[in-house]
Amino acid sequence: MKKSELPQDAGHLANFTREVCYVKNEEGKYQAELSVGWEVKSDALDNAWGDIEDRIKEARTDVKNGKLSPIAYFMELELMDFVVLSGHTGFWKWSIKRHRKPAVFAKLSDKKLLKYADAFSITLEELKKPNI
Amino acid sequence: MTEPLAFGIGSGLFYIHIPFMTVNNGPAISFRTMPGAIFKRTCKALGVKMESRKFKSHDEAQKVLDNLLQRGIPVGCQVGVFHLIYFPKAYRFHFNAHNLIVFGEEDGKYLISDPIMETTTTLLPDELEKVRFAKGALAPKGRINYALSAAAISNAQLRSAIKSGIKRNCRDMLHIPGNIAGVKGINYTAKKIEGWRDKLGEKQAALHLGQIVRMQEEIGTGGGGFRFLYAAFLDQASEIMNNDKLLLVSDKISKAGDLWRDSALQMSGIFKGRLNSQKDYIDSANLMREISAVEKDAFQQLSKIKL
């Protein structure tokens, strides 16, 4: 990439930082140059966040309709997959899958629920009766 | 020492598509070797004594860090970015292979040099602890890397380090068995892309392409999936080794970097919804096959240069 071709499309990094890119200068030598961003990248990032919002919305509906327990909703809200949540709570993936069922969730002890609440940085009450 | 030199000596350029694994619900693809490995190799080649540690205990992790700082040793920490408070919100995913340097302590705060930030920044001890012990895939487990001695590097040492770095990178790109790593890995992804639209549906398929673009062009790559950074390395190496043939390969890697950028642009047509036919996915795949061929040619030429 030539120095003159380096995109400067202000996006998510604006007012935070600029990124280092390696470009060829007029003498054909490589040098580091700062860029405020590239539209293609911002679009990819926006697209990813759009999907996250859709997933949260879907989880919210499923929890409201009694299809899934609040754990499913907070997982999406905190962008967590099973590996991340398992790391925080110490539960196996298959346990978490079970705990995502409303009937199983309703019988969980406060001790177990507290592990989830801590992982999601919320209170026990918020986990039991999520405001969604 | 420059960033391109350290990257090239540590044989940083790579490509791998790990099958059956997902990262943030998308494909697991990397354009470079793990940063810890690059650091280790570079230090070894330059005769710099370094150590690397992981921790079970959070207290122990902080004690060791404080002790090193008191001795005036800057410490590289692997961290997760989800809870990294100074990061722009839009970048905060559960991504655990980020690295920053802690270089001191002031008023109860750690002084941080983060490659993403233009200026130095700070973190409170509990904020740093949280990111050092982030959870999920590639969890950092408090990992630190640090150099203990940094004697002056002789020219002969530098030349031999460049030579071994190039040799190992040729091996990694050309000769790893299987079809998921190196230039063959790029073709592997190309083949997968052709099936995504039918298998996953338009929305997920487009998100998968977006993930490739993000991995490829993320901050720190220098653009074009680290290809420009490696071209810059060959550029500098040609001067140090006094060998113009390296410049010719640098041009080819530049070409690959430009093609990666073209590919990102083409893929953005898909994830922005402007393009959505199967033919567009085939176009993406074919562009990647072209890149694979260019990189194969470049590394074959590189492996034949007598250094």
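How many helices and strands does chain A have? Chain A has 7 helices and 2 strands, where helices (H or I, at least four residues) and strands (E, at least two) are DSSP runs numbered from the N terminus. This is a predicted model, in which local features need pLDDT of at least 70, side-chain atom pairs count only at pLDDT 80 or more, and totals for chains, interfaces and linings use all residues. Residues are numbered from 1 along each chain as its sequence is written, while chains are lettered from A and ligands numbered from 1 in the order in which they are written.

**View 1. Overall form of chain A.** From the N terminus on, the order of elements in chain A is β-β-α-α-α-α-α-α-α. The radius of gyration of chain A is 22 Å, whereas a compact globule of 132 residues would have one near 14 Å; the radius is taken over C-alpha atoms, and the globule rule is 2.2 Å times the number of residues to the power 0.38. Along the principal axes, the C-alpha trace of chain A spans about 70 × 30 × 25 Å. Domain 1 (3-37) and domain 2 (49-127) are given by the domain assignment of chain A, with bounds from an automatic or database assignment. The centres of these two domains of chain A, taken over C-alpha atoms, are separated by 41 Å.

**View 2. The side of chain A that touches chain B.** The contact takes 30 residues from chain A and 35 residues from chain B; two residues are in contact if their C-beta atoms, placed from the backbone, lie within 7 Å. On the chain A side, the elements giving two or more residues are β1 (19-24), α1 (39-64) and α3 (82-89). The largest share of this side, 9 residues, comes from α1(A). By type, the residues of this side divide into 17 nonpolar, 5 polar and 8 charged. Here Ala, Val, Leu, Ile, Met, Phe, Trp, Tyr, Cys and Pro count as nonpolar, Asp, Glu, Lys and Arg as charged, and the others, Gly among them, as polar.

View 3. Tyr116(A), Ala117(A) and Ala119(A) are buried in α6(A). A residue is buried if 20 or more other C-beta atoms lie within 10 Å of its own, exposed if 12 or fewer, and partly exposed in between, with C-beta atoms placed from the backbone. Seen down the axis of α6(A), its buried residues fall within an arc of 160°, so they line one face of the helix; the arc is that of the directions from the helix axis to the C-beta atoms. Asp110(A) and Lys111(A), on the other side of α6(A), are exposed. The cover over the buried residues of α6(A) includes α2 (70-77), α3 and α7 of chain A. Ser121(A), in the loop between α6 (110-119) and α7 (124-128) of chain A, has a positive phi of about 55° although it is not a glycine. Ser121(A) is exposed, with 11 other C-beta atoms within 10 Å.

**View 4. Phe226 of chain B.** Phe226(B) is in the loop between α6 (182-217) and α7 (227-241) of chain B. Its phi is near 70°, a positive value in a residue other than glycine. Phe226(B) is buried, with 27 other C-beta atoms within 10 Å.
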